[in-house]
Amino acid sequence: MTEQNEPVDAQAHAAQQRQRASQLAQAIRTELGKAVVGQASVIDDVLTALIAGGHVLLEGVPGLGKTLLVRALARCFNGEFARIQFTPDLMPSDVTGHAVYDLQTEQFKLRKGPVFTNLLLADEINRAPAKTQAALLEAMQERQVTLEGRALPISQPFMVLATQNPIEQEGTYPLPEAELDRFMLKVRMDYPDADQELDMVRQVSRSTRADMLDVQPLRTVLQAKDVQALQRIASDLPMDDQVLDYAVRLARTTRSWPGLTLGAGPRASIALVRCARARALLRGGEFVVPDDIKGCALAVLRHRVRLAPELDIEGLTVDQVLGQLLDQVPAPRL
């Protein structure tokens, strides 16, 4: 009798854990919404990457709240937070750290850089040259940094949120493909609609912090162990083989789609699956549905494909071409 009850008890326990995790995710979403007005879909994308254990490239014109969003997330998360302002004279050692000679002990000591944190804001990442951008590659992929021949682990969870301005190209260095591929999502921040902008102006004009919203009133919702628990619960969410196949088909179709000269690699298929599980948890679902894949497909794929020059001349965007692809690749019916 006991043996028969065990699977039922395990299922009930797993369902309870999912429910608690979903409530926790909803709580942090609500808190972030208080500070970042009019960017609900962007908040969802950032939380999706946090739960999926990935990194985010935030793109948008100045003044939309990219840095504010990261600061608000750091405020709601009781982990370590560091910020690096990328500039043309920034050196790789300014990111990773370096060895310093100690006169007292007459030995070299390792001084860890700002990359040793839980939440790293790489502000205006395309302002620094390629060798400095590359300092993040090992940290983003391996979750470690090699200093003076020693591999030093970075504490978990670890997430890089990088920002860039798509309009101003003077004095910028485009991110190499290898680094772009390390970002799980590329999230575009757009202007808020009229009502949301009105609400934001009303809130900011009451704030004591000049032209920005204050993140101090936000409460701490997450501990480091909570983020790891969310990631573990999301990775265990059931996914039908047809849904898994749909994610792989989407990524593979980009490689032969007319109008795209560069398709997405296998890392895109993995990111689609991980993000879909995170999205399912975020909405309180018990399993992953095709809409979870579709909902994160643009953010997963847009920086991993390249538009053909003739379509670029015609004024078509990567998002429009990917939108056509998503409409034409059939989703499974569960």
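1. Fold content. The protein chain carries 14 helices and 11 strands. This is a predicted model, and every point below should be read with that in mind.

2. Overall dimensions. The radius of gyration of the protein chain is 21 Å; a compact globule of 334 residues would come out near 20 Å, so the two agree. Along the principal axes, the C-alpha atoms fill a box of roughly 70 × 60 × 50 Å.

3. Burial and contacts. Of the 334 residues in the protein chain, 48% count as buried. Take the contacts between residues at least 6 apart in sequence: 77% of them join residues at least 24 apart.

4. Surface. The protein chain has an accessible surface of about 16,900 Å². Carbon and sulfur atoms account for 50% of that surface.

5. Charges. The protein chain has 37 positive and 42 negative charges. Their mean positions lie 3 Å apart.

6. Cysteines. How many disulfides does the structure hold? The count is zero. A disulfide is a covalent bond between the sulfur atoms of two cysteines. For Cys296, the closest cysteine sulfur is in Cys275, at 4.9 Å. The cut-off for a disulfide is 2.5 Å between sulfur atoms, so the sulfur of Cys296 is too far from that of Cys275 for a bond.

7. Are Cys296 and Cys76 buried or exposed? Cys296 is buried, with a relative accessible area of 1%. Cys76 is buried too, at 0%. The threshold for burial is under 20% relative accessible area, so Cys76 at 0% and Cys296 at 1% both qualify.

Notes. Residues are numbered from 1 along each chain as its sequence is written. This is a predicted model: local features need pLDDT of at least 70, side-chain atom pairs count only at pLDDT 80 or more; totals for chains, interfaces and linings use all residues. Side-chain values use heavy atoms; hydrogens and water are left out. Helices (H or I, at least four residues) and strands (E, at least two) are DSSP runs, numbered from the N terminus. The radius of gyration is taken over C-alpha atoms; the globule rule is 2.2 Å times the number of residues to the power 0.38. Buried means under 20% relative accessible area, exposed over 50%, partly exposed in between (1.4 Å probe, protein chains only). Contact means heavy atoms within 4.5 Å. Accessible areas come from the Shrake-Rupley method with a 1.4 Å probe; for residues, only the protein chains shown count as cover. Lys and Arg count as positive and Asp and Glu as negative; His and the chain ends are not counted. The place of a charge is taken as NZ of Lys, CZ of Arg, CG of Asp or CD of Glu.
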